[in-house]
Amino acid sequence: MRAHEAGALHGDLGTRGPAWLRAPQDVNALVPQLWPRTVRRTPEGSLEVGGLDVTALAQEHGTPAYVLDEADLRARCRDFQQAFADADVYYAGKSFLCKAVVRVVEEEGLFLDVCSGGELAVALAAGFPAERIGFHGNNKSVSELQRALDAGVGRIVLDSFHEIARLTEMSEESGKKPQVLIRVTVGVEAHTHEFIATAHEDQKFGFSLAGGAAFAAAAKVIDEGVLDLRGLHSHIGSQIFDTSGFEVAARRILELQAQIRDARGVELPELDLGGGFGIAYTTQDDPSTAGDLAKRINKIVESECDAASLRKPRLSIEPGRAIVGPAVFTLYEVGTIKDVDGIRTYVSVDGGMSDNIRTALYDASYSATVANRSSTAEPMLARVVGKHCESGDIVVKDEFLPADVQPGDLVAVPGTGAYCRSMASNYNHVPRPPVVAVRDGAARVIVRRETEDDLLALDVG
Ligand SMILES: *Cc1c(COP(=O)(O)O)cnc(C)c1O
């Protein structure tokens, strides 16, 4: 959907918002699953994170700002690590990557997925061990592949026949034998937004299972013997709540695994089922815990392995959003308010689609609360919008805010850790916000705010 079409689409929700929001909610309540774990509303009414008041954070670091609860991020890493104790957990760096987060991921014992030379550069700059990195992408360039080979990246996920040929030639030249996986599109349409469902057949990623390309790719890599084929890979989409998609994916990919064994006598030792585990953006979302996911996925894989008489391969998963998404909220300041009589109230904040494109791009839903104070005013259905020159520049489509919300108030939007800073733009030459990590009463800037000098530095005309 293009941004300028967003107005029409959001209009379809009806003038009073979606049904679940028709009953006004307590505007001061914080629903725990939406917020990083150290966030609370103080007796004075403002939000506190990591022991710090958001008003003080806003004064010191300005708004908008992404506020990262480091304790929450680490706890989520640990949850996955413990739940998937027999598997390798790759943090999907594209959801949000900077050196400080790379270090957290390393300290917590996770692996790391990157999908571009830039992401690889950040990981290596932070000292992340190359052998714990996986490299994805449907169009990795020769120079990106060369960097991965030179750095000794742990595994490269092959995505096309051109890439097999390219990496085979490069490996022969350099005398290296990189470990590779084959990305298989298993034909599962995950129950999620079309743009982020990636395993149905008509799409750019991976080798088709149904069309036989996936088998042909595996056979080619095995027969040539230049690359070290470790296993198959499937990623069926993102923001998935229903594990039945993983079940179908695992069944189909293990059938392929059995087919490869029967044809080539090779039992591939690894299996990667990708990421995509959903998180709560509104009170309507009910995500699974890492423990639940691990139980269900292990069970699926075990029974499918039994059915195909396969040894259980070592599993890996690639959560991005489920690790970093809920650990961050965006702090904005309200600038202007417009009441469209009988329809809704627009609350404009000092950021927007440049720091969170997901609402315009995916029709994503978010929640919000006034963060600098509590209020006894009546709940008012509001739309939180940005400052950009697009009517589709919406941050939160529908939310109850107190009717006395006013310019100068702070608004916090939770669940913005994944695919917000990493997809941020400079649209309208708005400098991108900083990421401020908070832990045990101390805040540190881990990505500084962009300045107008930064913007002009690239403009060499
Ligand atoms: C995007 C992506 C992920 C992470 O998805 P999340 O929804 O953030 O968990 C994992 N693996 C691959 C191949 C991806 O493209």
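**Close-up 1. Packing of helix α5 against helix α6.** In this predicted model, helix α5 (residues 117-125) and helix α6 (residues 142-151) pack at an angle of about 25 degrees, their axes being 10 Å apart. Axes are lines fitted to C-alpha atoms, for helices over the stretch in contact, and angles run from 0 to 180 degrees between N-to-C directions. Helices (H or I, at least four residues) and strands (E, at least two) are DSSP runs, numbered from the N terminus. The angle makes α5 roughly parallel to α6; angles under 35 degrees count as roughly parallel, over 145 as roughly antiparallel, 65 to 115 as roughly perpendicular and the rest as oblique. The crossing of α5 and α6 is left-handed (near helix turned anticlockwise from the far one by less than a right angle; right-handed if clockwise). Gly 117, Leu 120, Ala 121 and Leu 124 of α5 make the contact with Glu 144, Arg 147, Ala 148 and Ala 151 of α6, where contact means heavy atoms within 4.5 Å. These residues of α5 and α6 divide into 5 nonpolar, 1 polar and 2 charged. Ala, Val, Leu, Ile, Met, Phe, Trp, Tyr, Cys and Pro count as nonpolar, Asp, Glu, Lys and Arg as charged, and the others, Gly among them, as polar.

**Close-up 2. Packing of helix α3 against helix α4.** The axes of α3 and helix α4 (residues 99-107) lie 9 Å apart, at an angle of about 40 degrees. The two helices, α3 and α4, are therefore oblique to each other, and their crossing is right-handed. On the α3 side the contact involves Glu 70, Leu 73, Arg 74 and Cys 77, and on the α4 side Val 101, Val 104 and Glu 107. By class, this contact of α3 with α4 has 4 nonpolar, no polar and 3 charged residues.

**Close-up 3. Packing of helix α3 against helix α10.** Helix α3 (residues 70-83) also meets helix α10 (residues 290-307); the axes come within 8 Å and cross at roughly 25 degrees. α3 and α10 are therefore roughly parallel to each other, with a right-handed crossing. Asp 79, Phe 80 and Ala 83 in α3 touch Ala 290, Gly 291, Leu 293 and Ala 294 in α10. The contact of α3 with α10 comprises 5 nonpolar, 1 polar and 1 charged residues.

**Close-up 4. Surroundings of the ligand.** The ligand is surrounded by 14 residues, the closest being Lys 94, Ser 238, Glu 318, Arg 321 and Tyr 419 (a heavy atom within 4 Å). A polar side-chain atom of Ser 238 is 2.2 Å from a ligand oxygen atom.

**Close-up 5. Backbone details in two loops.** The peptide bond from Thr 63 to Pro 64 is cis, with omega near -10 degrees. Pro 64 belongs to the loop between α2 (54-61) and β4 (65-69). Ser 309, in the loop between α10 and β13 (314-317), has phi near 50 degrees, a positive value in a residue other than glycine.

**Notes.** Residues are numbered from 1 along each chain as its sequence is written, and side-chain values use heavy atoms, with hydrogens and water left out. As the model is predicted, local features need pLDDT of at least 70 and side-chain atom pairs count only at pLDDT 80 or more, while totals for chains, interfaces and linings use all residues.

Technical notes:
A polar contact is a pair of N or O atoms within 3.5 Å; within protein, one must be able to donate a hydrogen and the other to accept it, and residues adjacent in sequence count only if both atoms are side-chain atoms.
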